[in-house]
Every structure is written in C-alpha cells, then in structure tokens.
Amino acid sequence: MTAPAATATVTHAPWRRLAVPLLLLLVMGACWGGSFSLLHVARFDGASGFGLAFWEGFGSGVPLLLLLVLLRERFPLDLHSLRFYALSGLTGITIPASTLFVAALYLPTGIVAMSNALVPMVTYAIALAIRLERFASLRALGLVAGLVGVLLVLLPEASLPEPGMAHWALLCFSAAIAYGVQNVYVARDTPPGMSALAMSAGTLLGGGILVLPLIVATDGFVSLLPPWQPAHYAIMGMMAINSSCTVGFLWLIRTAGAVFTSQTAYLVVLFGMLWGMLFFGDRHSGWIWAALLLMVAGVLLVSLRQRKAP
C-alpha cells in the first residue's frame, strides 16, 4: 500500500509546486508589460529617461523599506549586504532602466518590450558557464524558440520603422545582458538569511541612487511636485508595479531558480505588445504573431523541465 501512495506523490507534487510559480510568472509579465505603456506616456510627455530610472528604483524601494520597518524585518547593512545591494541594483536597475528609458523615445513600444526576450538566453549562457545550471535539451529548445521569435521581429525589413533605429535596438540588448547578469548574481550570491523583501528594497534603493550621477550630468531630474502631468501619473504607476513585482521576482529566483524566473521576459514581451494594441491602437504583422507564439512555446518548454537552482 505504501508504494502506490509514494508513486502518486511523485507524479503530482511537481505540478502543484509549479502552479504558484507559473501564476506569479503570469502576473509579473502582465504588470511589467504594462510598464512599457506607462513609459511611453511618460517619455512622450517630456520626462527624462534617467529621471524615470531614478524613480523606478529609489521611488519603488522607499515603500518596501517602510514595509520592512512596519513588519520589523531585518534590513542588513553589513559590508556583504551593501555590496549586494549595489551590484544587484547596478545590473537590475541602473544599467537596464537607463538604457531602456533612453531608447524608448526612439523605438516603438513593442520593440523596447521585445528586447526582454533576450534575457533568458543571457541568463542560461551565464548559468551554464559557471555551472549553476545543467544543460537540458528540452530547456535549450525552449530558449531557441524564444530567440527565433526575437529574430522574426528584428530581421524582416518591416519590423523597424527606420533603418537608423538599429543602434537603439542594440542599446536595448545591453539592458537584457544586465538583467541576465543580475538573475545569476542574485541566485548565486544573495547573503544568507536575507529576505526577499530586504533584497528588493536594497536592490531598488541601490539602483536608484547609482543613477544620480547620470541625472546630475544631464540635468534630468523629474520632480513629483504638483501640478501633475500625464508623466507624473505614469511614474506613480511604474513605481507601484515595480515595488510589488520586484519582491515576487527576487523571491521566485530563490524559489524556482534563475533560468525559470528569467522566463518573465517572454511574458513581458507578450503583454507589452498586447497593452500597446489596447491603449495605443498598435497593429502587428503576421511576423509579430508568429514570434509571440514561439515565445510562449519557449516559456512552456523551459518551465516543464525547470529544476530548483542552488
């Protein structure tokens, strides 16, 4: 009688363990995908890209820091923790937010969102190189499907409205590299005992503070004092999304692994383009829809064979 019960547990438990991470993955993709629409509003209302990057980091981190105080949770300030906040913030906020927010003024919303699909490939390559992840053919096939989807958007002549936009697309790709580095760094070097809430607050605050030199150099500070314009409402929405989703993202890295969590990028692309269609009337060709199908297939293939990273 014991053997059948054990077999049933082995068969069904993995799916139960996967349900919550997949649901969280979907929610984060929908919310972060909506941030690109808010970014579109803020940038075309005249907000500085570096100023937006500051508020996305520092402005999103302050509420989490206050929550830590209310919950009486520990916020480590030892040397290891401070270094972690700085490096995680640099690779997860300062570099990618600055590059994406600057490029957003010159690229369509869908192309900016599409750059996130490169994050899983970068994450998996780094994780393989440092032996944090093992090679799995099915997972690799999922990542290839996502990459092919990106190529279907970037390679056809009709994808980019103007040839001169190519170097802005490359700027977006540098953001994807930074995100991939952060994924692996968080999975590998998080200080022992640090909660996801403390990680999130430290990462956001550290990343926002590191943007300040760029703001000073470009005179790009965005004041949130009234009277408010559409950009201000967009900034508040971006901060709310980033505060909540960053907690879930960093918790999911520690729970389900860096490669699984990086699949958020595919869903961010999908929802980023869908929200663009809903709010801005964007219309996409058959190439775009084929790319989206491949990206969704990539998410499923990688998720089905995910194992928890150390």
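Which residues does F101 touch, not counting residues up to four places away in sequence? Those residues are L39, R43, G49, L52, A53, E56 and M238, where a contact means heavy atoms within 4.5 Å.

**View 1. The whole chain, a predicted model.** This is a predicted model, where local features need pLDDT of at least 70, side-chain atom pairs count only at pLDDT 80 or more, and totals for chains, interfaces and linings use all residues. Residues are numbered from 1 along each chain as its sequence is written, and side-chain values use heavy atoms, with hydrogens and water left out. You'll find 12 helices and 0 strands here; these are DSSP runs numbered from the N terminus (H or I, at least four residues, for helices; E, at least two, for strands). Of the 310 residues, 53% count as buried (buried is under 20% relative accessible area, exposed is over 50%, partly exposed is in between, with a 1.4 Å probe and protein chains only). Take the contacts between residues at least 6 apart in sequence: 87% of them join residues at least 24 apart.

View 2. The chain's mean pLDDT is 82, and 89% of its residues reach 70 or more. Over residues 1-13, though, the pLDDT is below 50, and this stretch has 1 contact in the model beyond near neighbours in sequence. Where pLDDT is low, the predicted coordinates should not be read in detail.

**View 3. The core around F101.** A nonpolar core is a set of buried Ala, Val, Leu, Ile, Met, Phe, Trp, Tyr and Cys residues joined through side-chain atoms within 4.5 Å. The largest one has 84 residues, and F101 and M295 touch the most other members. Helix α9 (residues 230-256) gives the most to this core, with 12 residues.

View 4. Helix α8 covers residues 196-218, which makes 23 residues. From first C-alpha to last it reaches 33 Å, close to the 33 Å expected at 1.5 Å a residue (the expected span is 1.5 Å times one less than the number of residues). At L212, α8 bends by about 30°, and a proline, P213, follows within four residues. That bend is the angle between axes fitted to the seven residues ending there and the seven starting there. Just after α8, D219 takes a positive phi of about 55°.

**View 5. Aromatic rings in pairs.** Rings of Phe, Tyr and Trp (its six-membered ring) pair if their centres lie within 6.5 Å; planes under 30 degrees apart count as stacked, over 60 as edge-to-face and the rest as tilted. That rule gives 12 aromatic pairs. One of them joins F75 and Y85, stacked at 5.1 Å centre to centre with 5° between the planes. F75 sits in the loop between α2 (49-71) and α3 (79-103), while Y85 is in helix α3, 10 residues apart. F75 is partly exposed because its relative accessibility is 23%, whereas Y85 is at 4%, so Y85 counts as buried.

**View 6. F84 and its neighbours.** F84 lies in helix α3, and at 0% relative accessibility F84 counts as buried. Leaving aside neighbours within four places in sequence, F84 contacts several residues, among them Y185, P191, M199 and T203. F84 and G206 are 122 residues apart in sequence, yet 9.1 Å apart in space, C-alpha to C-alpha.

Methods
pLDDT is the predictor's confidence in each residue, from 0 to 100.
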